[in-house]
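Take a look at the model below.

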Amino acid sequence: MTNLELAQRALAAAGDGALATVTAERSLMLRYARSRPTQSTAIDDLTVEVAVLRGGRVGTASTNAADDDSLAHCARAAEAAAEAMAHSPGGNPYPGFPAAQPLPDCDTFDAATARLDAEQGGAALAEAFEVAEREGVEAHGTWTVGDVETAVASSEGVAASERSTDAFMKVVCIAPSDRSGYTTATARSVADINPRELAESAAAKATMTGDPVALDPGEYPVVLESHAVAELLVHLSWTTFNGLAFVEDRSAFSGRLGSTVAAPAINLSDSPRFPRTFQRGFDAEGVPKAPLPLIQDGVAKNVVHDTASGARAGTGTTGHATAPGGSPYGPMATNLVLTGGGASDARELCAPIERGIYITRLWYVNAVRPKETLLTGVTRDGTFLIEDGKVSRPLVDMRFTDSALGLLERTQALSSTPVLTSEGEFYGRRFASGVVCPALRAASMRFTG
Amino acid sequence: MRQLLADLMDAAAGRADYADVRHVSSAAESVATRNGLVDVVRHGSEEGFGVRVRIGGAWGFAAERGSSKESAESALERAIAVAQAQPLVPGAGPLAQELPARGSYATALEIDPFEVPLEEKLALLLAADEAMRGDPRVTLTIAQFSAFREDKLFASSDGALCHQRIVECGGGIVATATSEDDAQVRSHPGAHREQVAQAGWEHFAGLDIVAYAPRVAEEAVALLSAPHCPAGRTTLVLDGEQTALQVHESVGHALELDRVLGREASYAGTSWVSVPDLGALRYGSELMNVSADATCAGGLGSFGWDDEGVAGHAFPLVSEGMLRGFLSSREAAAEIGLERSGGCMRADGFSRQPIIRMTNVNLAPGDAGSLDDLIADTDEGIYMETNRSWSIDNRRLHFQFATEAAWEIRGGERTRLLRNASYAGITPEFWSALDAVCSESEWQLWGLLNCGKGEPGQAMHVSHGAAPARFRDVQVGVA
């Protein structure tokens, strides 16, 4: 039985006014530390989620069983939830599950990656260990591949499925000096992951000569590699481009669409069929995904919506639901693409900086005041001093506390080739995503410790 | 099922140096209101096997859904194949010894939260939500209830076979007040909508969310016009919840032995503490007594056995300010020469492997009396309450926290409300500045549901016992 057929069986168990989703995951992850394997996880699981609409309210239930009794039990639980919600006070906020629409073709699957070959993973680790030994460092990280199929069926005629593969490798090299370097690669196909190149790049950062220097807190010009830029953009996705936060007046874009919020060079969109992204054809409500500009020439253009938040905003869904009926955390842009600029690479971006900071990645970033897009976090695994236009020596990691939109306002230049970046975090059911973005130079960034 | 697991371990024993299996059947319920409407009613259930093997020092773990013999055997074969595919681990030693886990454990509860009618839950949440609304500046109100149940059967190639049933529930309320350029949040009883305990419905009912709702909304509105927290160094008094998070981030995580040994360097991070520091490092002042206790009644880190069959027990981490222990597994404990694991291996459901986790990492109460007594004993400073944001570096050394609300302390009295309060510090300096902890009467367990660690990611439920505490000469107003 296909996963779409399973979704349709679940839908049949629920009856009218329902939407059923099946997410089937097969994945393999190998972890390593100090140039030795440490953990490995192989998963074969699925989630059947049934959403039932009654009186304008959506109740949901899920199971990982596929037999008829379990599906019927799941459907009854969702219906009971919806009935209880329908009898509670208040209006009818949910306008109904979306009607079926034509879906775009997407390039999402690679058969070789879907084999989840543990031997291939073991060989990747061995390559990283070999480079690490040669360079006098220790290698830490992960190698992972996934094969996830999502199928959606609804009583409004939606019948869609999409099978996606993804591969990710992270290499952190740590030198005897305790300096570290970080690289990752992620792609639809595992063939596009080169363990040796990754290890060599991470080792080069970890072994950069010179004693680390410490800078006082203050404002410094910065060059952010794409990983660091992506971290900031992901936080904006949660707090600012989120249509629920927007209609609840919690977003920095609330009341500011059409206003200048960033430098003119900033063009950011959610582009679900951009070639380098993990392409997606439809969202959790079966709505086709389409490109949506978020910031255009520095001007706030749009936020993303699901059916629920779109109804409240009066604009309709933009195809960004993460749960049928709307997640309490709101819709999400999952295919962010920041257009590149003219600099050949991050090193060239350093050229105009007399004294500044070069940042490989940001870590433990958290929103301090979401409506101001004020974030705090630390630099990690490759922080360097820029002197006279060049990366000169390692820096002690620093804490920043600054506005993400403020940084985009202060952006002076971007590198020319955006790359797909990901942290490879897979909480809950695997959902591969990444941000396509270049490196950037900002006139200043505020460091608080 | 018991025989299936025992047979599986018999089959694994000849093919792996060590093996264990969990069959986990879990259920979850989430109910929430938002701005006076029922927003979420969600049920979830899942079951499956998680099989872990150790071959030549390399671990293989595989998870398959269901309860059939075929699923269990398939998971075992996959785990073995994955372990064998990895590079060798030269010099891997044996696991720390442990008596085989036998018996059963169940949460002590009065009222099963899954048996309470949905209508009763909705009535309570809607009443609390309603009590937060009225002022137009309060633009978002949420009342939340969550319940979790896990039935877990564990067996190992060491001869363990034990069953556990763990039930958790709780919730809370939050009000957001907004202006054109600001959004301020207040919660009860703790941050992030959730104060969950390993307990029955009686725990949630006892949170009294309806009674607290008006104050929560009033304070959210008041924060919009409150002065900003000033910047500078001053005396800091933290409420129990923020103290608990401070323990979590700067003590609990720092003392996870996998981090200390560099095993988590690529993700969660390492630690500013090293193995030779055990027994020699001054972590904080003499008032600092922190233990890991998997036997606390109501704690989200309480259990009969951890997920590699080590009986739950209590042991000191920091005593009178000196480092006395690490959170450990059987493998990590053996690696540094400890006789026994700390019993800290925990997995997030059947499809994740156990990793070193906190249990209930508690700061022991002191003798400073009540919170009012502590404030009365403070000439000048700031009292901060309810976490709003948190960040700490990958060595668990440099941290920065923000709270929902703060009050200035002058002449031993809590005076004006302050908004956007934050503080920052360095772990050993901060804990060395601890000069008072409130007494037992103020001490309680605070539950966290979102402790993220591991790859693929795992969100663990942990608790921390803490009372309000006072720290001298702390940097505040940093954000």
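Predicted model: local features only at pLDDT ≥ 70, side-chain atom pairs only at ≥ 80, totals over all residues.

Now widen the view to the strands. Strand 3 of chain A covers residues 57–63. Strand 2 of chain B covers residues 37–55. Three bridges join these two strands, and they run parallel.

Next, consider the contact between the chains. On chain A, 70 residues are in contact with chain B. On chain B, 68 residues take part in that contact. Within the side of chain A that touches chain B, the largest share comes from strand 2 of chain A, residues 36–54. That strand supplies eleven residues. By residue class, this side of chain A holds 31 nonpolar, 22 polar and 17 charged residues.

Step back to chain A as a whole. Its secondary structure comprises ten helices and 19 strands. Along the principal axes, the C-alpha trace spans about 70 × 55 × 35 Å.

What share of the 449 residues of chain A counts as buried? The figure is 64%. Contacts tell us about sequence separation. Take those in chain A between residues at least 6 apart in sequence. Of these, 73% join residues at least 24 apart.

Definitions and conventions: Residues numbered from 1 in each chain as written. Chains lettered and ligands numbered in written order. Helix = DSSP H or I, 4+ residues; strand = E, 2+ residues; numbered from the N terminus. Buried ≥ 20, exposed ≤ 12 C-beta atoms within 10 Å, placed from the backbone. Contact = placed C-beta atoms within 7 Å. Nonpolar A, V, L, I, M, F, W, Y, C, P; charged D, E, K, R; others polar. Pairing = 2+ DSSP bridges.
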